[in-house]
Every structure is written in structure tokens, then in C-alpha cells.
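Here is a briefing to read beside the structure.

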Amino acid sequence: MHMADALLAPAVAATMYVASGTAAGVSIHQLKKEDDPQKLPVMAVTAAMVFAGQMINYTIPGTGSSGHMCGGMMLSALLGPHAGFLSMIVILAIQCLFFADGGLMALGANVWNMAFYGCFVGYYLIWRPMMRSKRFSANSASRRTGITLASVLGCVITLQMGAFSVVLETSLSGITELPFGAFCALMQPIHLAIGLVEGLITAAVLNYVYASRPELLRDVNLSAQEHAGKRSLKGVVVTLAVVALVVGGGLSLLASSNPDGLEWALFGNQEAGYAQNMGLDEEDFGVASAAADTAGSIQEKTSFLPDYAFKNSESAAGTTVSGIVGSVIVAAVAVLICILGGFFRKRKRETAVQ
Amino acid sequence: MIRFQHVSYAYETEQPVLTDLSFQIAAGEAVGLIGANGAGKSTLMKLLLGLLSGASGEILADGIPVSKENLKEIRKKTGYVLQNSDNQMFMPTVYEDMMFGPLNYMLSREEAEQRVDTVLQKLNMEYLKHRHNHKISGGEKRMAAIATVLAMEPEIILMDEPTSALDPCNRRIVINTIRELSQTKLIASHDLDMILDTCDRVLLLSDGKLAADGPAEEILRDQKLLEEHHLELPLRFS
Amino acid sequence: MNKMNQALRELSAMDTLAAQHSPIHGLNAAAKLICTAAYILIVVSFSKYDFGRLLPMVLWPVLLFQISGIPVRICFYKLRIVLPLVMAVGLFNPLFDRMPLLWIGTVPVSGGVISMLTLMMKGIFCLMASFLLIATTPIDSLAAALRKLHVPSMLVTLLLLTFRYVGVMTEELAIMTDAYHLRAPGQKGIHISAWGSFLGQLLLRSMDRAQELYSSMLLRGYHGHFHYAKWKPFGLIDALYLAASLTLMLLIRIFPVAQMLGALFI
């Protein structure tokens, strides 16, 4: 699920950075308001634990394969959505910087796909309402059922959203030739299975915590008064509004800054027949051609680097002979640099030895 | 100067951990705190540092009553070497860890750096300055943890098992370092030989009560007393 | 060797590299961060058939590898994570995009093949760039650079603290995993009966650890504010490096360098 830099167009990556950045800003603001100095060390240690915990292989009974734990749900159940989200950002940043899992430019997208849904959607729409509902807090058995259900539901739903975002981002970036529908059909079912397993593992861990130190779980030990509070519904509405705003804002930003990518995804590349693949018809899209035209002209004016290679079909890949010869020269220069570097290092070593 | 007067403490709804504890430690004294697991050694130290609150009786650290208002002043004067150095060293490098305390007490960068260098030089560990905390050995980590505390120039030093899990050579280095510190010291440990080497006086805790208080040589030779409280004679006496 | 030990070795290898000395290691971390981001941005901005024009971008990382003396081998080892993912997406391209774009002799090369190769190339280039950044910049300098670039201090502090405990936690889990498998020979992973308790145990211990860590911070005067290591000022060399790198990248982005070079010889 970690996207690599190569899979994203700059505009898509930037949009996702803005979206994730906004969520991070809100989270930081919220945590500053809570002003709990102890939170930071707890977040750090928990994040480190989840980072390591994601490397554990859990055997899935009846199959030869293994599953992993879902970080987003786990963190928001333990730390709450804001602290959980920031912890996930840090985990993803370390994975991308030190283990090449993901990419520097794709970090915004990865945070959105894996942390935002898991922490905010998972918490506000699933974990908190379920933990606060009377049905799942009557006694410890029903509480256990609630934790299990919330974990599984949370993992499945947030993973589906994440997988769909991956498809959307890759398609908008114009990276893959795989039709949008087919890509979805490939990604969603796989992640349904993964989500189910991740949910069960997460449920097992959270249930263990519930049995030994229930006070560590969010929204689990509430007094009757807090149960009566109607805040959860408000929370849901607010979250939905924020999600809608961010998604809407992101899409419009995307549409204005990268008409190429959006146009490509929605109206298709005529030659390859994407419109059909996507089940879209340009004429059914009332504003389509006007929008596309404006978009095209905006692009010509705003694109900071004009796209040479495609203006004339003849030089599509810089494909003239000179292109090939030039590429060989570039490769030769690269090799030369390596040889020179090796030579100088060797000499330095030798002088050091003497 | 440290003083405990009729101090009792219990964690919520549980058995009391400390009952009616009274003793006094003069400035510059080196005192060993011994006792079986669960005798209350850690609790005692945490109360002194204000990490736990709600004890009855009176606790003074460097003559100042331990209370919420005085915490900042007390913590400035007391250093605590944790048993697990990984928990103590939370910054990426030894240098940054050592800078953390002094900078928090509003020292300028230059002054803090000066302190760090002085301490590293004193402990003969300049080579560790820019090393990463997760890449140094257990012995080095313990020395570095002591260094982070010394960089704050405390007047009282508390240590929790400073020699646990160290090889003989590193243990000796730590012991020699402790001996050279002129501050008031309170050292909790099961390593009775180390206590003999570093402390003049010993407090023996047992079930939250002070079972003995006296010169180290005397108490640590008393086989009957030690065995009564789940301890053994130090190796050199047996 | 289990996965955690593997991760620990990788972490430690990166630290060792970052602790070396070279002209690149000595540069200001913010300058390096900006260059890396610019490089990745420019690489991915090439269109999907721009194989020929993308190729000269290899020169920047190659130069840096040589000047810094960082072995390329470790970097390519990390490709095992990036490439399969990029391949999984790119492999479909030759199937769907069959229009011949270029002829090598009489063999047609379809657009899909070129876009797949371009995609792989992008993946490799981006990895080289971010690998170089981390291999020549210790985490504390990086954190200081992030602060200078106005990343919120809470996030930067969290990154530093988490990074520190990633090592500790991973080591603890590595030992636990070894201990588990010593008593459960032949099992590939953790059995369902221990799904909850295995990580749950560590989780509970972690909470105690966090408590102790917080105490140790408090005892050294922590009151919600973190101080960072000395900041190396932005000097002339850093400015030169930044300008030279960006110029090189932009030149390659704007002009078809390979083609122009080739034209000189034909």
C-alpha cells in the first residue's frame, strides 16, 4: 500500500501533501490545546512499538500465509485520532526515509491513504460511536465483541478507502495504462481480505489490552454521564464535513493545477479508448469540452516547463538516432564519473595507509 | 541534605509501600539503599524526586520540602540515573542528550556545551560525544546516562542499579566514577559489593520499613540480618 | 535472521554511512533536503514516454555517490522494496499500450514498453536521491533542517523521539520473536492463540517505558519545549551546491540533453 514517488505526478503529490498537511495542522492544534506534556513521550514510544509490531508475521490459520497489524486503528484506539495521526506520519516518514518503503514525495499521499482514514475515519465513525453505544458497553463480554467488531470494521473500511485512494491517485497521475475499473477490481478485493485479517489481529491485541489495562483504551472507561453526551453524532457530522471539504478542495485544486491528469483520467486518451474503459462519454459530460479547453489553455499558460516531447508525434521518446547515441554518451559519462570516483578514493586510501 | 520524617506511602487502594520511614542524609554523604525486590527502594526515590506525590510525613531534598511548587528547584539540584539507560537517553546522540538538561535550565548554548565538554573530559569519554545512542554498548550507555545527569551539575545524585547488566570491566569503571563524585549520593542496588566500594553508610529497607541504618562495613557483614531480609553477604565476605 | 534484526541492521548501516565525512556530508542539511526534493519532483515530472530525456538525470545522483563515497550496493539492495511495487503497476503498460513508438532496426518498441521502462527508471532515480539524503545526513541534522524549514516542532520532536525508540522497540521484538520461535519450531509466524498477547505484552511494557521516559525528561527540566542541536549556518558552499544542482536539473529538464549530445556526433 506504500506508494512510491514514481507512481505520482507532481500535482497529485502536492495535493496530497496539502491535504495531509492540513490534517496534521489540525491535529497539532488540537494537541496543543489539550496541553498534556506527557503525551509526546507516550506517542513516541507507542509509534515505535507499532512500527516494530508491523514487522511481526501472524500466521493465518488454515493458510500458509501471514498477516500484519493495522497501525492506524491501533494508534487511534490507544492515543486518540490526533495523536494517532501524528504518530502514523512519523512512522511513515521513518519507513520512507530509512527503509525506502514509500517515497519522500509520495509521503503526503501515503499519510492520507494509510493514516488519515485509519485514524480519523476509523476513530470518529467507527471506534468512538461503537465504544460509546450502550449495546457494546453493558458488560465485559459485550465490550469485547464491540472491540472486535470495531477493529475489523475499522480496518476493512479504512483499508478499502485507502486502496481506492491509491487507485485514484495513480490514475490521476497518468502512470498506469491499466483502466481505472480494472485497477479497482484488482485492488479492492485484495484489500478486503487484508483488512479482514488486519482487523482480527488488531482486535486480538486490543482485547488483550482491554483485559489487562482497560484504562489505556480510548472511550472504553466512560462514566454514565459521558455516555449520555451526544457529542459523538456531532463529531461524525464534523468529520464528514471536513472530509468532504478536503476531498472537494483537493479535487478542485487538482483540476486547476493538473488538468492534464484529470482530463486524462476522466475523458480518456482517445487513441487508447479510455472513455469507453471508464464508462464515460465525453458528450454526456455537459461541460466537458468547454472545461477541457479552458483547462488546456490554463495548462499551456501555467505549466512551468513546456512539454516538448509530445508536441510532434515523430519525436515521441526522443527517438531519433541522435537520441540513442546521446543516451549512450550519458551512460558513458556516468560510468566515467564512477571510475574517477573509485580512482580518487583508492588514492586517498593509499595515502592514508602510507 | 535529605530528610524523610515519618513518611508513609501507598499506591491507590493497595498495601502500603512505605510505612513511617524516618532518616536523614547529610550533604556529601554516600548512602547505599538495599533491600529485596519490592521493598520500596524505587518508591522512596520517586517520592524524593517528586515523581510520586501524596505521601504523608515530610520529605526534604537539599533542605527544601518536596512539594509541587518546589519541584523545579528540587529537580535542578537532583540527578537521577535510571536503571534502564535506554529510557534515560531519549535523544539521537549522546551530545544532544547531555545538552537537553542544561538547555532546559536556560543555560546558553556555549555554557551548556562547556559543561558537556567538562563532564565528558572528566569521565574520559570524549570519544562518545557524537555517537548515536542506539549504537553504543551497554557499558558506554550507562556511563553516558551518568554523564547526562552530571551535565546538570546536581548537588544530589540518585542512582537505581547503576551496575546492573554490566561486564566486570565496565562495572569497575562505573564504580570508580561514582567514587569520584563529591555530591550527596543515594544508590539503590542489589550489588552489595558495589555498595561496599562506593558507600559509607547503608539503609536496609524491608517491606517498606527501615530495617537497619548504619555504617556499610557493619551492616554488610551481618549475615543474619541480611538473610532475614532476603539478601546475602557480599562476595568478598563470604 | 528475523525481519526485525534485518531492519536493525539496515538502520545501523544507514547511521554508519551518515556518520562518515565527505564534502557532501559536510553540507547544510536544509540545502540537501531542498535539492533532493527538487530532484524527485523533476524526475517524476517527465512525461511517461520521456525515457531518452529522463536518462541524463542519472548524472546528479551518480556524481553525489562518487563525491560522498557512499556505496551504491546498499542503495540497490533497497530496490527490492520499491521495484516490485512500481513493476506491479508498470507491467500492465505493455499489455494495454501497444502502439509502436519507436523502431530499433526493424523491431517495433511499443509505447507501453517505453512507459514501463520510464516508470522503472523514475523509481530507481527517486530511490537513489532519497537514499543519498539519508546516507549523508544524520537524523539530528535533518531534524534541525526540518525546523528551519518551518515544520512544526511537535512533529520534529516526535520524529526524533520515535526514531530513537524504533531501535529500542525493534530490538526488543527481535528478541521476543527469537524466543517465540525457539519454543515453537516449524512455525512461520505467531500462532493465533498468541495473536493478542504477543504484541499486547510489549504494548503494556511500552506504556511503562513511556512513563519512565517522561520522568527522565521531567527530571531534566522538560516543560513542553525541546531544544535542538547546533544549527550549521547556511554558507557559501551550500549556496553554490544548491545553485549548481538546481541548474543541472533544470537544464536536463528543459533541454533534450541526450539528443543534443548525440547530434554533435552525427
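A residue counts as buried if 20 or more other C-beta atoms lie within 10 Å of its own, and as exposed if 12 or fewer do. The model is predicted. C:His150 has 7 other C-beta atoms within 10 Å, so this residue is exposed.

**Two loop residues with positive phi**

- C:His150 sits in the loop between α9 (139–148) and α10 (153–183) of chain C.
- Its phi is near 70°, a positive value in a residue other than glycine.
- B:Asn124 belongs to the loop between α5 (109–122) and α6 (138–150) of chain B.
- Is B:Asn124 buried or exposed? B:Asn124 is exposed, because 11 other C-beta atoms lie within 10 Å.

**Chain C overall**

- Chain C holds 13 helices and two strands.
- The C-alpha trace of chain C spans about 70 × 55 × 30 Å along its principal axes.
- Chain C has a radius of gyration of 23 Å, whereas a compact globule of 266 residues would have one near 18 Å.
- Buried residues make up 52% of the 266 in chain C.
- Take the contacts in chain C between residues at least 6 apart in sequence: 78% of them join residues at least 24 apart.

**Helix α4 of chain C**

- How many of the ten residues of helix α4 (residues 59–68) of chain C are buried? Seven are, so the rest of the structure largely encloses this helix.
- The buried residues in α4(C) are C:Trp60, C:Pro61, C:Val62, C:Leu64, C:Phe65, C:Gln66 and C:Ser68.

**Domains of chain C**

- Chain C divides into domain 1 (13–138 + 231–260) and domain 2 (139–229).
- The centres of domain 1 and domain 2 of chain C, taken over C-alpha atoms, are 32 Å apart.
- Their contact takes six residues from domain 1 of chain C and eight residues from domain 2 of chain C.
- On the side of domain 1 of chain C that touches domain 2 of chain C, five residues are nonpolar, one is polar and none is charged.

**Contact between chains C and A**

- Chain C contributes 102 residues to this contact, and chain A contributes 89 residues.
- Which helix gives the largest share of the side of chain C that touches chain A? Helix α11 (residues 195–219) of chain C does, with 16 residues.
- That side of chain C has 66 nonpolar, 25 polar and eleven charged residues.
- One residue in chain A shows the contact in detail: A:Ala48 touches C:Thr162, C:Tyr165, C:Val166, C:Val168 and C:Met169, leaving aside residues up to four places away in sequence.

**Contact between chains B and C**

- Here 27 residues of chain B meet 24 residues of chain C.
- Three helices of chain B, α2 (71–77), α3 (85–88) and α4 (94–104), each supply at least two residues of the side that touches chain C.
- α4(B) gives the largest share of that side, six residues.
- By class, the side of chain B that touches chain C has twelve nonpolar, nine polar and six charged residues.

**Largest nonpolar core**

- In soluble globular proteins, nonpolar side chains tend to be buried together.
- The largest nonpolar core here has 262 residues.
- A:Ala48 and A:Ile89 are the residues with the most contacts inside this core.
- Helix α5 (residues 107–132) of chain A gives the most to this core, with 18 residues.
- Domain 1 (13–138 + 231–260) and domain 2 (139–229) of chain C each provide at least three residues to this core.

**Chain A overall**

- Chain A has 13 helices and two strands.
- Of its 354 residues, 47% count as buried.
- Among contacts in chain A with a separation of 6 or more, 74% involve residues 24 or more positions apart.

Methods:
Residues numbered from 1 in each chain as written. Chains lettered and ligands numbered in written order. Predicted model: local features only at pLDDT ≥ 70, side-chain atom pairs only at ≥ 80, totals over all residues. Helix = DSSP H or I, 4+ residues; strand = E, 2+ residues; numbered from the N terminus. Rg over C-alpha atoms; globule rule 2.2 N^0.38 Å. Contact = placed C-beta atoms within 7 Å. Nonpolar A, V, L, I, M, F, W, Y, C, P; charged D, E, K, R; others polar. Domains from an automatic or database assignment. Core = buried A, V, L, I, M, F, W, Y, C linked by C-beta atoms within 7 Å.
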